[in-house]
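This report describes selected local features of one protein chain. Please keep the sequence and the model at hand while reading.

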Amino acid sequence: MATKQGSIVEKRKNLSATSTQRKEKSQKASKTYSKVNDVISNTTISEKKNTVFCSLSVVSLGRTNFAMSNMWSEMYCRCSTRDLSYGVLCTWGLFMPARGLLKVVKVWEQCLTSIASSCIFTKTQPFGFACLHVYHVSTMFENDRHFSHLSTLEREMTFRTEMGLYYSYYKTLIDAPTFSDGFHQITHDNLTEYPSVINTLQRFNLYPEVVTGFLYRVMNWLGWATKECWQVERGQGLPPVTSCEGLGEPAYFYLEMVWLCAGFTVILIFLYGVFLSGSVAGGLLAVVCFFYNHSECTRVQWTPPLRESFAYPFCLLQMMCVSVCLRQRESSLSVKPSPVIQLLTVSGSTWLCLILWQFSQFVIATQTIALTAMFIFGGCIFLLWGSYWITFCSSQLGVLQAAISLFGNELLITSILTCLIASVLFVMLTLEPALSQFSCLPRALMLVSLTLLGTVTLKTRLSHALGNKDDGHIINILKSKLTGYRDFHTLLYTCYPEFDFLPTETVWKLTETLLLPAVVLALVAVARYWLANFLSESYLASYIEPEILYNVLQLGAFTVMAGLVMRLKLFFTPQLCIVVSLLASRRYFRFLQTDKVHWAILAVLISGMSVRGIRNISEQRNILGEYSNVPFEELLIWVKSETSPNAVFAGPMPIMANLLLSTRRPVVNHPHYENAGLRERTKKVYSVFSRKSPQEVFRILSHLQVEYVVLEESWCFRESRNGCSMVELWDVEDPANANNPAVCPQLFVRSPAPFHRVFANEAYVVLRLHSQYVELKPLKAYKL
């Protein structure tokens, strides 16, 4: 559960830091190589921060030998040829006067006209876009934290909540004597949910860490992993720290894998746009929209270790493979593969999608609904029998492979996706032929009703038979969105903005960059094309492209998901970027007289997008920060030095993830909230934030075999205007004690018996539970 961060005491200077301050900080560090003791001069990490992103079309023109030298001088570009990343970082004149902007529109028109049939562009530019995105997200991550000048402990501290949990298993794999020993440790883990032994690979989708850990060991074995180290003077009375960077540094190697996935995402968005539009310009338009709306499309630059960072490109790949399977017409830019290849690609991408992220199942579930709806109503409009069964059977195979790879993950086995697939398979193979005698609409309604009934029945029975309630909180969250339902676990989610409804601010941002209006225009153009051909030919089937219809339905599903849960806009916004590529398709704009008119309109559109889009990029790249959390660092150092390696800890979920990562102490709760047993365990730990008596809290924690409990000041004294403080959550869950004083302030300030204070600083308190404590009740009852 990546958003349960509480109030983190971190001294950040995100908007006030200047290049001079960053340079002064960097000059405090004297670099030394790990194998050589010679001191070398330090280089500033922020020397590149003043560069601004160039328009992607200009990059394309530069690489396809167009005469752009005059444009560079007019637009004040300063491009470096030292490497590809620097070469694509230049400005194309956002802040030019009106006359200059008109020149840009003309250049866009020439650009789009020239590249429309360029095969070289299709083959080479996706990798240029990938390098550009890798540079973009990696430098933003560095600028936000000054990561290169942090010690190993500080770097681990930046991975809060689920990020620290996932990274801890990567650390286990690379620190173990052998890879097989590390793999055994994560599949027989007794530190994460002490005293239980769990298979973390089954529970937490840890294949990214397994693959990354294996590759890191291989790189070290081959001697390719090197690193550069130096000493950093932190000032303010803090001791100096040693900092290293390079592929030989575990954190940097891990992050490089994340950035590669981010680059792969942009490649797929470009190819997806080319595929849907049948034009290279469509891929370019999709990528431009992705960069211009970057903050609404991804958060990989702020939270690299989250599952979505690894899984999302494979979700895109899966959706693209399905679209290829559905395509019935031939294209000059793509050839439909054989059924065997379709089966392998869809099943393989589905498998990868599901084993990398527990929430990928919602993508496949909405996809299954969309394809089934197309199939059910296909008798009325068009026939998709072959394509449907290939994609459907491929998805089934991918789900089966994922369930096996995740050691029978019950969250997946009892999911809506699995039950939906089984229900659809049963209805279509057994009942659908018997209903063929009915007319189109009654038949379709009956098939839909039977499928829904079968899915709900199977889901209920299967969950009851296995005694699994892991996804119960998801149903409760949806219930809370539509009704006034509230409980402790639901409020833990919905009190955070990421799980609130999609704010109007997001809609406004997407409108400012003209992305939403452009998508509406694309959908209107497609609908007009279909309707016009239907009215003229009276046969709609030959003019509705199944792959386009599927992507429109998928966009509709993502819109509903993002509207209910803001965090899911990470599916919604990139899909908008992909669908907008249809504006570059000549098929839907044949009413325009010539190609030049079409490209001119696109040039005006992209130029209009750039007004706000490049400003968005500039704002992102101007975020500068300096990570520092001295109180938390003191806590971790104390735990490592003053407690036994077998000491068991409990406390707020974000803190427990970092304790597990940096100290390797057993914990009883953690931030991965997608397990019913863990939710109940965390609820018991969070009794320290309730209004129960200290003695009752002690008994609850003792039953969990907790030896130390960690309290954070903000969790004990935080006030909330919307009823989301921890004590207010407990008032909903435990109304019987609503009039009692909160126990956490008492424990934080006084630590009443039977708790004993063993550590305290300005932000954290650690209390020890004495195992010798026994409560003796009086033999007689006295009236007080």
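The sections below treat the basis of the model, aromatic rings, a sheet, and individual backbone positions.

## Basis of the description

The model is predicted, and local features need pLDDT of at least 70, side-chain atom pairs count only at pLDDT 80 or more, and totals for chains, interfaces and linings use all residues. Residues are numbered from 1 along each chain as its sequence is written, and side-chain values use heavy atoms, with hydrogens and water left out.

## Aromatic pairs and a cluster

A pair of aromatic rings is described by the distance of the centres and the angle of the planes. Rings of Phe, Tyr and Trp (its six-membered ring) pair if their centres lie within 6.5 Å; planes under 30 degrees apart count as stacked, over 60 as edge-to-face and the rest as tilted. The structure holds 41 aromatic pairs. One of them joins Tyr-170 and Tyr-254 in a tilted arrangement, 4.9 Å centre to centre and with 50 degrees between the planes. This pair links distant parts of the chain, 84 residues apart: Tyr-170 belongs to helix 8 (residues 162–175) and Tyr-254 to helix 12 (residues 250–277). Helices (H or I, at least four residues) and strands (E, at least two) are DSSP runs, numbered from the N terminus. Tyr-170 and Tyr-254 are both buried, a term for under 20% relative accessible area, with exposed meaning over 50% and partly exposed in between (1.4 Å probe, protein chains only).

Tyr-493 and Phe-499 form an edge-to-face pair, 4.8 Å centre to centre and with 80 degrees between the planes. Tyr-493 is buried because its relative accessible area is 2%, and Phe-499 counts as buried because its relative accessibility is 7%. A single aromatic cluster includes Phe-141, Phe-147, Tyr-170, Tyr-254 and Trp-259 among its members.

## Charges over rings

A charge sits over a ring if NZ of Lys or CZ of Arg is within 6 Å of the ring centre and within 35 degrees of the ring normal. Arg-155 lies over the face of Phe-147, at 5.1 Å from the ring centre. The charged end of Lys-481 sits over the ring of Phe-501, 4.5 Å from its centre.

Four strands form an open sheet in the order 5-6-8-7, with mixed pairing; two strands pair if DSSP finds at least two bridges between them. Strand 5 (649–650) and strand 7 (755–760) each have a single partner strand, so one side of each is left without a neighbour in the sheet. Strand 5 runs parallel to strand 6 (residues 708–712) and is joined to it by two bridges. Phe-649 stands opposite Tyr-708 in strand 6.

The bond from Tyr-194 to Pro-195 is cis, with omega near 5 degrees, and Pro-195 lies in the loop between helix 9 (179–187) and helix 10 (200–204). The bond from Ala-753 to Pro-754 is also cis, with omega near 10 degrees, and Pro-754 is placed in the loop between helix 35 (743–749) and strand 7.

Arg-664 has a positive phi, near 60 degrees, although it is a residue other than glycine. Arg-664 is in the loop between helix 30 (653–663) and helix 31 (676–685), and counts as partly exposed because its relative accessibility is 28%. Gln-705, a residue other than glycine, has a positive phi near 65 degrees. Gln-705 lies in the loop between helix 32 and strand 6 and is partly exposed, with a relative accessible area of 43%.
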